[in-house]
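Thank you all for coming. I would like to take a few minutes to walk through one model, and I will ask you to keep it open while I talk.

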Amino acid sequence: MVFSDDFRLSKGSAIERPESGDSDPFAARRPIASPPPPPPPPSPPAASQPLVPPPPVSAPQSRQPLPTAPPAARQPAAAAPAMEKPKLTAAPLSPNTKSSGETELPKSSSAALPTTTRAGFRWWPGRRRPPATTAEQLAQQQQERRQLPSWLVSFVVHLALLLILALIPIQNLVRGPLTLLLGEAVDSGETEFELAGLETSELVSELEFNETNTVESTIDPTERLRELDLPDLRPADPTISTPELAIQNIPFGIKNGLTGRSGALKEALLAKFGGTAETEEAVELGLRWLAKQQKSNGSWSLVGPYSKGGSSENTTAATAMAINAFLGAGYTHKQGKYAENLKLGLAYLVRRQNSEGFFSTREPSRQQMYAQALASIAVTEAYGMSQDEELRIAAQKAIGFAEWSQSDLRGWRYEPRREADLSVTGWFVMALETGKMAGLAVDEDKLQGVNYFLDNVSHEQDSRYAYTDYEPPSLSMTAEGLLCRIYLGWPRSHPALLAAIHDDLLPNKPRKDEREYSVYYWYYATQVLHHVGGGVWDEWNEAMRKVLPAMQVKKGDEVGSWDPSKDMFGASGGRLYTTCLNLYCLEVYYRHLSLYDLR
């Protein structure tokens with residue numbers, strides 16, 4: 001999770017190596033003295049305090065029925081003087097109480113049990129004889145039927161209904177929208193996401209807070225390629241449309257940003273923007289690798305248990321990055337084969353969020369705000385895709401913290417409300433824009449204020465961008481700055497945007513034979529060119545969709561991941577970091593809808 005400078009750009013587009021380690025939050029390239037522990041984030045003002053969820057309501061305890069006296073039989077008209085009825089007293093509930101609602105009489109009870117005559121009627125002591133007349137028998141049968149337990153009546157009725165349904169021809173059922181889901185819940189897509197408030201002890205007790213155990217994979221790596229469930233993709237020709245959705249009807253704009261990740265629209269976007277079977281196969285392989293790395297408490301790690309992990313740990317950032325990869329492909333905690341992985345991962349993040357909306361209290365000080373922005377994106381996207389009310393509270397609190405923590409420079413950096421750099425600022429801009437996609441309340445003035453910061457770190461008439469206002473521009477910061485400008489309202493015809501694309505982005509397309517590259521740069525540049533579209537996107541995508549799948553590990557224990565060895569920040573971020581960013585690039589066709597009209 002390195003979100004900082006890489007290539008330096010001089011005024012003549014020459015690429016220089018970074019000289020300052022300040023842009024690398026992992027600080028893997030030179031030792032950094034341990035800073036004093038940062039003060040806790042100041043409490044936000046009362047006006048921006050996030051919502052506090054109501055305490056969970058406990059379910060009422062089920063009541064056990066008390067034993068009742070036997071039904072009284074009608075006495076014949078000319079009977080002898082009746083003997084005094086024996087008095088039955090209800091015994092208190094005891095460990096002998098049955099779970100079905102029936103209560104055994106204690107051994108010390110003086111109430112005698114009924115006997116049964118040959119006619120089948122119950123005869124309780126205290127009665128001189130069982131009912132003899134037909135009218136009496138019918139009356140007692142009717143009264144006994146009324147005494148049947150309600151569960152038995154319900155069982156009989158439901159059993160009858162099931163037998164009736166079984167007799168209906170199956171072809172009459174499948175004519176409607178009936179879907180039979182068989183198998184485990186993780187495959188059925190019907191997993192429920194139950195969070196009884198944001199600070200709940202139930203989640204902590206339900207999920208072990210164990211940082212070492214992993215979710216064991218039952219899939220043999222050699223079988224992964226044959227088991228992929230890939231969509232039936234059409235050729236990557238922008239002129240080909242799907243029968244379900246014409247290309248000219250594909251939506252666009254910020255409000256539709258999260259709607260293209262599944263179904264007919266996903267296929268239409270793949271066809272429109274040049275996705276292939278190879279790119280989708282690479283995405284599925286990468287997600288399988290990520291699922292294998294999840295720990296039993298729902299988290300992911302930057303340092304292992306896989307090979308070539310990062311140099312430092314940040315479980316909040318690692319968990320958020322993995323979740324965003326699954327969400328980007330259209331999976332949620334409510335549906336899809338990774339529903340259980342997402343449910344556990346989101347529960348882990350929500351457990352870590354405090355009352356102010358902050359997720360990253362336990363992380364290293366220089367990485368806390370990176371992790372905060374990533375976790376905010378993950379929870380907000382999950383809410384936007386599922387409309388799960390349990391997640392809405394956590395997502396809105398995260399948006400509230402992002403707005404409150406913006407500094408006077410109109411950006412974000414390592415500590416809330418202090419300083420700003422373009423790397424951290426870009427992630428927070430994306431968090432707030434995701435809030436708009438999800439339909440949450442977002443302060444537009446806070447977002448537009450970022451333009452003030454971008455103006456201060458821009459060069460070459462706003463076509464190149466730097467990490468801070470006292471550093472030279474770099475390639476990755478230029479791509480990140482341009483993406484921020486697009487989300488903040490620049491048109492696709494803006495002169496500075498077009499100049500940067502032709503002078504800096506396209507000359508630095510992905511190449512497999514590079515000695516060193518930056519997937520962080522690829523991630524931001526891929527999004528910029530996808531939104532702009534047209535010929536510049538086709539040129540970039542032609543390289544990206546071939547190079548990235550070819551670099552993916554295709555055999556061994558790490559099949560589906562990307563080796564971080566050649567990545568500029570791979571030693572710091574590790575294998576999970578490079579894998580997630582590569583997946584985001586290959587999901588770009590449908591991950592966020594274009595901000596511009598496609599026609």
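This is a predicted model: local features need pLDDT of at least 70, side-chain atom pairs count only at pLDDT 80 or more; totals for chains, interfaces and linings use all residues.

As background, the protein chain contains 21 helices and 6 strands, and of its 599 residues, 49% are buried. If we take the contacts between residues at least 6 apart in sequence, 72% of them join residues at least 24 apart.

Now to the aromatic residues, where a search of the whole structure finds 15 aromatic pairs. One of them is formed by phenylalanine 358 and phenylalanine 401, a tilted pair with 5.0 Å from centre to centre and 40° between the planes. This pair links distant parts of the chain, since phenylalanine 358 lies in the loop between α10 (339-352) and α11 (368-386), while phenylalanine 401 belongs to helix α12 (residues 389-404), the two being 43 residues apart.

A second pair brings together tryptophan 427 and tyrosine 523, and because the ring centres are 5.7 Å apart with the planes at 10°, below the 30 degrees used as the limit, this pair counts as stacked. Here again distant parts of the chain are linked, with tryptophan 427 in helix α13 (residues 422-437) and tyrosine 523 in helix α18 (residues 519-532), 96 residues apart. Tryptophan 427 has a relative accessible area of 3% and is therefore buried, and tyrosine 523, at 4% relative accessibility, counts as buried too. Both residues belong to one aromatic cluster, made up of Trp427, Tyr520, Tyr523, Tyr524 and Tyr584.

The charged end of lysine 266 sits over the ring of tyrosine 590, with a distance of 4.5 Å to the ring centre.

Let me return to α12, the helix that carries phenylalanine 401. Of its 16 residues, 13 are buried, so α12 is largely enclosed by the rest of the structure. Its end C-alpha atoms are 23 Å apart, which agrees with the 22 Å that 16 residues should span at 1.5 Å a residue. At the N-terminal end, α12 is capped by aspartate 388, which has a side-chain oxygen 2.9 Å from the backbone nitrogen of glutamate 390.

The loop between α10 and α11 also holds glutamate 363, which counts as buried because its relative accessibility is 9%. Where does its side chain find a polar contact? The partner is the side chain of arginine 352, at 2.8 Å. Beyond its neighbours within four places in sequence, glutamate 363 is in contact with Glu313, Asn314, Thr315, Thr316, Arg352 and Gln368.

Finally, the nonpolar interior. In soluble globular proteins, nonpolar side chains tend to be buried together. In this model the largest nonpolar core has 128 residues, and Leu287 and Leu290 are those with the most contacts inside it. The largest share of this core comes from α11, with 11 residues. Leucine 290, once its neighbours within four places in sequence are set aside, is in contact with Trp300, Ala322, Ala325, Phe326, Leu576, Cys580 and Leu583.

That is where I will stop, and I am happy to take questions.

Terms used:
Residues are numbered from 1 along each chain as its sequence is written. Side-chain values use heavy atoms; hydrogens and water are left out. Rings of Phe, Tyr and Trp (its six-membered ring) pair if their centres lie within 6.5 Å; planes under 30 degrees apart count as stacked, over 60 as edge-to-face and the rest as tilted. Helices (H or I, at least four residues) and strands (E, at least two) are DSSP runs, numbered from the N terminus. Buried means under 20% relative accessible area, exposed over 50%, partly exposed in between (1.4 Å probe, protein chains only). A charge sits over a ring if NZ of Lys or CZ of Arg is within 6 Å of the ring centre and within 35 degrees of the ring normal. A nonpolar core is a set of buried Ala, Val, Leu, Ile, Met, Phe, Trp, Tyr and Cys residues joined through side-chain atoms within 4.5 Å. Contact means heavy atoms within 4.5 Å. The expected span of a helix is 1.5 Å times one less than its number of residues. A polar contact is a pair of N or O atoms within 3.5 Å; within protein, one must be able to donate a hydrogen and the other to accept it, and residues adjacent in sequence count only if both atoms are side-chain atoms.
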